[in-house]
Amino acid sequence: MKADQVAKVLVVGAGTMGEQIALQCAGHGFAVVVLDSDAEALTRAQGQLAGLGSALAGDPAFAGADLVQAVAAITYESDPAKAAADVDIVSESVPEDPALKGAVFAELDRWCPERTVFASNTSSLLPSMYAEASGRPDRLAALHFHQPVWSANLVDVMPHPGTSPETIEILLGFAERIGQIPIRLHKESPGYVFNAMYNALNREAITLATNGVAGVEDIDRAWTTVMKTPRGPFGMLDFVGIDTAWHITQYWATATGDPQLLANAAWLKGYVDQGRTGVKAGKGFYDYTSGAD
Ligand SMILES: NC(=O)c1ccc[n+]([C@@H]2O[C@H](COP(=O)([O-])OP(=O)(O)OC[C@H]3O[C@@H](n4cnc5c(N)ncnc54)[C@H](O)[C@@H]3O)[C@@H](O)[C@H]2O)c1
């Protein structure tokens with residue numbers, strides 16, 4: 001298969017990123033099916049995508065597309081066997097856990113056509129952690145998006161040592177076809193390019209708050225005032241999802257045993273346990289229930 005033959009995309013995980021990737025692919029003319037193990041997540045995604053389709057209709061990022069119609073054509077599925085039919089690319093966005101990602105790919109390997117390329121949107125894991133489990137290591141690589149996907153339109157294309165060169169060419173070409181600017185990584189590296197820099201910022205911001213050096217709002221104020229950005233690290237983490245930030249921090253805290261990372265993960269978990277996972281919950285570090293943001 002060549003990049004210009006890709007026609008159908010299976011997006012796995014109907015959460016924050018899966019929704020945006022589904023929109024990006026549908027808005028660039030691809031047939032899209034969204035798979036999630038949670039029926040409620042699928043229903044929620046369908047509603048959110050309809051809203052996004054209307055809100056972004058006419059946006060230059062989707063020039064020439066009838067976004068409302070494109071979104072209406074997306075299909076939703078909870079059965080991997082049905083979702084995998086005739087799919088060219090799988091874009092995986094399930095939670096940040098190598099065992100889960102491996103299991104999801106292994107299941108899809110049973111049902112997807114031979115040609116199907118498996119693309120993982122992991123934030124901080126390495127595809128080699130689940131390459132063997134995926135059942136098709138040569139056709140697995142990272143295709144990592146940034147959010148919002150349509151405007152922060154950069155993707156990292158990262159092989160693991162067993163990824164075939166053809167797979168990378170397919171993903172580079174596919175990325176351009178969905179309006180993304182691909183960055184070709186020459187080898188596996190946690191956090192890719194932008195996130196390697198961004199994760200360092202988040203780690204330091206969370207460390208300052210965890211250690212009681214300054215409050216969340218002041219830490220954000222320090223960043224926004226000097227850098228002249230609309231949001232600081234915590235405001236941005238509300239868009240990422242504090243649960244996702246916790247998953248990432250917890251994974252590396254456990255893997256390294258670093259006491260500061262363990263404390264940072266515990267501090268983030270406090271927000272998750274209160275249901276304050278960020279914009280998607282209406283509340284995170286900040287309150288969005290007034291619709292002010
Ligand atoms: N949030 C971000 O800004 C961001 C950016 C880039 C990459 N990522 C990465 O993308 C991935 C997903 O992050 P997210 O923020 O969209 O998470 P999320 O929690 O919003 O969504 C995850 C979805 O996966 C579903 N899921 C769980 N197990 C599943 C299974 N076995 N089969 C199918 N679906 C399953 C859940 O029901 C949920 O709907 C993570 O690896 C994350 O690190 C996140």
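**Stop one: the rings**

Counting ring pairs whose centres lie within 6.5 Å, you get 11 aromatic pairs. Keep in mind that this is a predicted model.

Select F234 and W267 to see one of them. Their ring centres sit 5.8 Å apart and the planes meet at 65°; anything over 60 degrees counts as edge-to-face, so that is what this pair is. Now colour the helices they belong to: F234 is in helix α10 (residues 233-240), and W267 is in helix α12 (residues 259-273). The pair therefore ties together parts that are 33 residues apart in sequence.

Is F234 buried or exposed? Its relative accessible area is 0%, so F234 is buried.

Follow helix α12 from W267 to Y271: they are four residues apart, so about one helical turn separates them. Y271 has 16% relative accessibility, and because buried means under 20%, Y271 counts as buried too.

**Stop two: a pair of helices**

Now jump to helix α1 (residues 16-26) and helix α2 (residues 39-55). They pack at an angle of about 50°, with axes 10 Å apart, and are therefore oblique to each other. The crossing of α1 and α2 is right-handed.

Which residues make the contact? On α1, show E19, A22 and L23; on α2, show R44, A45, Q48, L49, L52 and G53. The residues of this contact split into five nonpolar, two polar and two charged.

Definitions and conventions: Residues numbered from 1 in each chain as written. Predicted model: local features only at pLDDT ≥ 70, side-chain atom pairs only at ≥ 80, totals over all residues. Heavy atoms only, no water. Axes fitted to C-alpha atoms, helices over the stretch in contact; angles between N-to-C directions. Helix = DSSP H or I, 4+ residues; strand = E, 2+ residues; numbered from the N terminus. Parallel < 35°, antiparallel > 145°, perpendicular 65-115°, else oblique. Left-handed = near helix turned anticlockwise from the far one by under 90°. Contact = heavy atoms within 4.5 Å. Nonpolar A, V, L, I, M, F, W, Y, C, P; charged D, E, K, R; others polar. Phe/Tyr/Trp six-rings, centres within 6.5 Å; stacked < 30°, edge-to-face > 60°. Buried < 20%, exposed > 50% of the residue type's maximum accessible area, 1.4 Å probe, protein only.
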